[in-house]
Amino acid sequence: MTKNNKKNLSKAIGKAENKPAETAKTSRSNSPSNLNLKYYVLAALAVVCLIIYAQTIGFDFINLDDDIYVYENPFVSRGFNFTNFKWALTAFHAANWHPLTWISHALDASFFGLNAGGHHAVNLIFHIINSTLLFVVVNKLTNAFWKSAIVAALFAVHPAHVESVAWIAERKDVLSTLFWLLTTWAYLRYTEERVESQESRVESQNELETNKYDESTKSKNKKNGSTSDFRHSTKYYILTILLFALGLMAKPMLVTLPFVLLLIDYWALERFDKWNASNLLPLIKEKLPLFALTAISAGVTIFAQKAGGAIQTIETISLSDRIFNAVISYAKYVVMLFYPVNLGVWYPFENNFSVAQITVSLVLLVGITAICCWQIRERKYLFVGWFWFLGTLVPVIGILQVGRQSLADRYTYIPYIGLSIAVIWLFGDIFERLKLSKTIIAAICGICLLALTVLSFRQVSYWKTSETLFVRTLSITGKNYLVKNNFCNYLEKKNRFDEATAQCQSAIADDPRLPDAYNTLGTVQIKQNKFDEAKANFEKAAQINPNFMLAYANLAVVETNQNNFDAAAENLKKAIGLDTGGFFDASRLLDAYSGLAVASLKQKNYAEAAEFFQKALEITPNNTDFQRNLALSLHKQGKSAEGIRILEETIRKNPNLPEVYNTLGLIYAEQNRKPEAIAQFQKALQISPNFTPAQNNLRMAMEQK
């Protein structure tokens with residue numbers, strides 16, 4: 001091989017002068033002692049994750065998104081089946097399209113039911129896999145063993161990642177990151193195979209030039225070698241695309257991965273030296289399938305979020321406020337890496353930004369960016385790590401504002417990988433210049449990681465119940481209307497009505513335009529039999545958001561309790577018509593229709609009762625109780641023949657139900673068909689001699705005879 005060819009191939013696999021000396025591959029890298037050391041690191045990462053997060057196995061679901069994602073989601077809570085699989089592929093539930101995440105939750109429900117500990121355990125397992133896989137991938141990228149280990153350890157123990165792991169509904173974070181890392185690993189294998197293929201072709205060419213073989217042998221070896229290399233690299237190229245697609249199906253935040261791969265091309269793989277068109281175009285062309293998947297995923301996600309009403313309008317949050325918040329949030333994320341305290345589950349968007357906040361944040365971001373660009377030749381890792389951090393936060397930084405949070409701890413799960421690489425490699429250079437001993441460096445790293453572990457363990461403990469989490473979050477945030485609303489809902493389910501009312505009223509005071517708080521307050525008042533007050537709050541919620549399905553469903557409940565059956569039916573129809581998220585599954589629909597039907601029957605509104613019993617029977621056609629009550633409702637309207645026909649058909653299919661004979665006997669008795677009535681009561685008693693209603697009805701019929 002010529003000197004120039006060796007140099008080019010060396011740069012392609014990351015041996016250039018910008019890499020630290022420790023990154024050079026040596027024969028010792030695969031020695032038994034080094035392999036054992038890798039296993040020790042992997043085991044240590046797993047153990048520290050267990051120390052921090054094992055406590056979650058005894059934790060509850062959280063009354064914030066866990067209900068939507070798991071325990072109140074009928075397509076998840078009933079476990080994995082073909083129906084739920086189809087739903088997962090097509091649903092835009094929770095304003096997202098992430099079928100792999102839904103399937104993951106459904107599989108959990110199949111194995112663990114609604115035991116929250118099992119769901120928590122799976123999140124923990126994914127975090128352990130991610131932490132260990134991150135070490136493997138970064139070490140493979142750089143061959144910098146200890147720096148890679150510290151990056152992985154920082155990922156494993158950082159308190160900002162607690163939200164992604166301890167929150168069951170954030171399964172999408174840990175699952176998508178697994179595919180992020182697997183995609184990166186497959187891409188590295190692809191680039192390695194390409195390098196080896198290039199090397200093989202060069203060596204083959206050199207052999208041809210030395211005339212060692214006859215022409216037929218040369219031709220055969222050249223053909224076989226190139227075909228094998230091509231197939232091998234193509235295999236990993238296809239695997240890269242497949243893993244990336246699966247990652248997008250777990251969470252669309254992976255849309256930035258193709259851009260990060262370009263950064264990896266520049267730094268660790270050194271596939272180009274300068275950021276210009278001639279260098280970038282071939283690499284971009286190589287990644288066109290990934291960019292195409294990114295575009296498709298982004299389009300589907302925006303559509304889903306618009307359909308779910310999650311994207312905020314410019315009228316709600318102005319563009320200038322979004323930009324200011326993005327600048328401040330970026331700065332907060334940087335600070336949070338080094339000072340991760342006062343963390344909560346949800347931070348409300350605040351638009352009262354001070355000039356000082358904006359100025360300091362802007363100076364920090366511009367200053368770091370300038371330093372990274374200035375050092376781009378000497379310290380590529382700064383540029384790559386910083387822009388990895390900036391770029392991967394773009395989808396969630398709030399320019400396209402989804403929801404009304406200002407920032408979120410969980411958004412750092414992938415971005416902090418890039419920032420950690422920049423920081424760890426920088427400190428490595430500093431320690432080298434200071435000529436610190438390995439013992440001192442190990443002590444500094446150990447103390448920092450121990451401090452973060454203690455902070456994370458404490459932060460995880462707040463996730464034990466909704467109450468512990470909400471109390472903690474409210475103690476460190478301001479006007480947190482969303483947490484107060486969900487806390488109210490949690491307290492209502494615990495029948496702590498006075499506390500629940502106080503939380504809802506406080507949420508309304510924080511944001512009088514929050515329909516959810518009025519709706520939640522109304523549900524508390526229903527339980528207190530304050531139907532007029534509840535009705536007013538549901539109407540207020542519907543006024544603020546005319547498409548608020550739950551407000552109409554709850555209005556139907558209130559109207560039913562107040563015997564306003566026409567109004568109840570109208571509101572129920574509105575709720576069902578607005579239900580795009582699958583809330584009114586068969587079970588809820590059945591409860592709603594049967595409740596209205598029974599209430600109508602008790603109030604002698606027989607036409608309404610018949611209508612709702614018929615709707616209930618459309619869901620459960622073989623429910624004999626509904627058939628009996630429908631027949632009775634029809635009889636009371638003067639449609640006795642139709643009612644009798646229904647009962648006779650029921651008896652034909654179910655000849656051993658005394659209740660049905662008893663109902664048929666009652667209809668005959670009211671028609672003065674005494675002998676037929678007596679015969680039906682007697683048949684009921686033949687089946688069940690101790691059936692009291694039939695005994696009483698038979699006695700009355702015999703006395704009247």
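This is a short tour of a predicted model, with stops to select in your viewer. Residues are numbered from 1 along each chain as its sequence is written, and side-chain values use heavy atoms, leaving out hydrogens and water. Local features need pLDDT of at least 70 and side-chain atom pairs count only at pLDDT 80 or more, while totals for chains, interfaces and linings use all residues.

**The whole protein.** Start with the cartoon view: there are 33 helices and zero strands (DSSP runs, H or I of at least four residues for helices and E of at least two for strands, numbered from the N terminus). Of the 705 residues, 52% are buried (under 20% relative accessible area with a 1.4 Å probe, protein chains only; exposed is over 50%, partly exposed in between).

**Two packed helices.** Now select 319-338, helix H15, and 380-393, helix H17; their axes lie 12 Å apart at an angle of about 130° (lines fitted to C-alpha atoms over the stretch in contact, with angles from 0 to 180 degrees between N-to-C directions). Show side chains next: Tyr 330, Tyr 333 and Val 334 of H15 meet Trp 386, Phe 389, Leu 390 and Leu 393 of H17.

**The end of H19.** Finally, pick Ser 461 in helix H19, residues 438-461. Ser 461 is partly exposed, because its relative accessibility is 30%. Leaving aside residues up to four places away in sequence, Ser 461 touches Gln 55, Phe 59 and Thr 468 (heavy atoms within 4.5 Å).
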